[in-house]
Amino acid sequence: MHHTAVVVGGNRTPFAKVGGPLAEASNQDLLIAALDGLIARHGLAGARMGEVAGGAVLKHPRDFNLTREAVLGTSLAPDTPACDLQQACGTGLEATVYIANKIRLGQIDAGIAAGVDSASNAPVTVSEPLRRILARASRARSAAERIKVLARIRPSHLAPLAPGVAEPRTGLSMGEHQALTTERWGVTREEQDRIAADSHRSLAAAWDRGFFDDLVTPYLGVTRDAILRPDTTVEKLATLRPAFGGPEGSMTAGNSTALSDGAAAVLLASEDWAREHHLPILAKVVDAEVASVDHPGGDDLLLGPVAATGRLLARQGLGIADMDLVEIHEAFASTVAATRKAWADPEHCAALGLDGPIGTIPDDRLNVTGSSLAAGHPFAATGARIVPTLAKLLHERGPGSRGLISICAAGGQGVVAILEGM
């Protein structure tokens with residue numbers, strides 16, 4: 001029996017820049033805060049949910065069972081099951097799809113999808129030579145033998161290793177990959193700075209009109225996204241130096257997403273369960289698709305969602321023009337611009353096996369409340385931020401309105417989904 005999976009609501013912490021006001025909070029702290037706000041807002045204290053799925057990209061070994069431990073730290077019933085799920089920056093959206101599919105199959109009536117990341121509290125590991133020495137020392141049979149092994153430690157072994165930011169198969173960072181894409185697709189500095197300025201302007205306007213009042217819970221004294229700069233302009237952004245692509249590059253700290261801290265959660269349910277519990281129904285999850293590209297072979301790392309978008313729209317018998325709203329994750333401003341160019345390019349779409357170009361979307365339908373450039377991007381939390389945001393926007397527009405979410409992810413992957421307002 002097929003059920004309809006609907007978005008009931010969402011909650012997140014405000015997002016903040018690495019080293020900022022949320023720097024002392026762990027992944028578990030942040031995730032508990034996001035879940036507690038969701039629970040309080042929807043009267044779920046003591047309830048046993050069908051399942052909670054969440055995850056983090058920057059994850060400590062101590063967080064091997066992160067989501068379940070976070071659930072036990074909330075007021076949900078302790079017999080609520082949970083699992084960790086991770087697909088880089090697509091984690092929050094993929095967790096949403098996971099929970100929605102269980103609801104659609106009738107396996108659960110309601111569940112929560114979530115994501116969290118603290119760039120400030122990222123795990124730091126020891127060097128490989130030091131790890132090997134410590135492992136040998138732990139196996140030593142006597143104190144004298146242990147001392148002998150530990151005596152092999154050298155100062156060069158003691159430097160800690162931060163989490164890697166380079167793609168393992170190319171050695172290039174995400175920004176370096178995107179710089180290649182920026183040049184390949186002819187994305188200008190002016191295009192990028194305009195996208196970034198629009199993101200700040202739109203997010204500030206949404207905050208000012210109270211749009212996020214029922215989607216964000218203050219945490220550790222932070223009441224709004226701390227990265228947001230309402231006075232950002234194209235002129236101010238134009239003064240920044242390149243951060244990627246060399247001295248002549250066009251990607252700057254202002255048109256690239258900042259490393260961030262934060263968590264987000266989405267409440268999903270069957271339509272019947274939501275009505276029985278007198279909870280709002282914002283939108284239904286229509287369908288989703290994932291795809292990946294051969295970035296080691298030279299494909300654009302962050303254009304994985306293009307193929308996923310084309311396949312998803314074709315399966316649903318829809319075109320991009322049928323989307324009233326579109327959310328493209330702003331990993332970089334040039335990612336948004338390149339995605340739109342790729343959608344409209346017949347040769348690129350044909351190479352992906354699509355029947356034709358995906359098409360274009362007007363500016364006034366894209367990221368209408370701002371996105372990651374202004375809000376921040378705690379990697380695993382982004383999808384769980386966007387889903388309830390789009391669901392609420394579609395609900396405001398009325399039943400039958402449609403929206404597309406497109407999120408690029410490390411490893412050349414892309415996750416996309418369609419929501420429909422109710």
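View 1. UniProt, in an unreviewed entry, lists residues 280-420 as "domain: Thiolase C-terminal"; its positions follow the numbering used here, feature names are shortened, and annotations may be inferred rather than shown by experiment. What you see is a predicted model, in which local features need pLDDT of at least 70 and side-chain atom pairs count only at pLDDT 80 or more, while totals for chains, interfaces and linings use all residues. Residues are numbered from 1 along each chain as its sequence is written, and side-chain values use heavy atoms, with hydrogens and water left out. Over residues 280-420 the chain is 36% helix and 21% strand, where helices (H or I, at least four residues) and strands (E, at least two) are DSSP runs numbered from the N terminus.

**View 2. The annotated active site: Cys89, His377 and Cys408.** These three residues carry the "active site" annotation in the unreviewed UniProt entry. They are spread over 320 residues of sequence, yet they cluster in space, with a largest C-alpha distance of 12.1 Å.

View 3. Look for Cys89 in the loop between β4 (82-84) and α3 (91-104). Is Cys89 buried or exposed? Cys89 counts as buried because its relative accessible area is 5%; buried means under 20% relative accessible area, exposed over 50%, and partly exposed in between (1.4 Å probe, protein chains only). Leaving aside neighbours within four places in sequence, Cys89 is in contact (heavy atoms within 4.5 Å) with His377, Phe379, Ile407, Cys408 and Ala409. Ala88 sits in the loop between β4 and α3 too. Its phi is near 50°, a positive value in a residue other than glycine. Ala88 is buried, with a relative accessible area of 11%.

**View 4. His377 and the residues around it.** His377 is placed in the loop between α13 (372-375) and α14 (382-397). At 5% relative accessibility, His377 is buried. Beyond its neighbours within four places in sequence, His377 has contacts with Cys89, Thr257, Ala258, Ser260, His329, Ser372 and Thr382.

**View 5. Helix α3 and what follows.** α3 has 14 residues and reaches 20 Å from its first C-alpha to its last, close to the 20 Å expected at 1.5 Å a residue; the expected span is 1.5 Å times one less than the number of residues. An α-helix has 3.6 residues a turn, so residues three or four places apart point the same way. The buried residues in α3 include Leu93, Thr96, Val97, Ala100 and Ile103. After α3 comes Gly106, with a positive phi near 80°. His3 is partly exposed, with a relative accessible area of 22%.

View 6. Asn367 is in the loop between α12 (346-351) and α13. Its phi is positive, about 45°, although Asn367 is not a glycine. Asn367 is buried at 6% relative accessibility. Asn367 and Ile328 are 39 residues apart in sequence, with C-alpha atoms 6.7 Å apart. Not counting residues up to four places away, Asn367 touches Ser202, Val326, Glu327, Ile328 and Glu330.

**View 7. Stepping back to the whole chain.** The protein has 14 helices and 12 strands. Its radius of gyration is 22 Å, close to the 22 Å that the globule rule gives for 422 residues, so the protein is as compact as a globular protein of that length. The radius is taken over C-alpha atoms, and the rule is 2.2 Å times the number of residues to the power 0.38. Of the 422 residues, 56% count as buried. Among contacts with a separation of 6 or more, 79% come from residues 24 or more positions apart.
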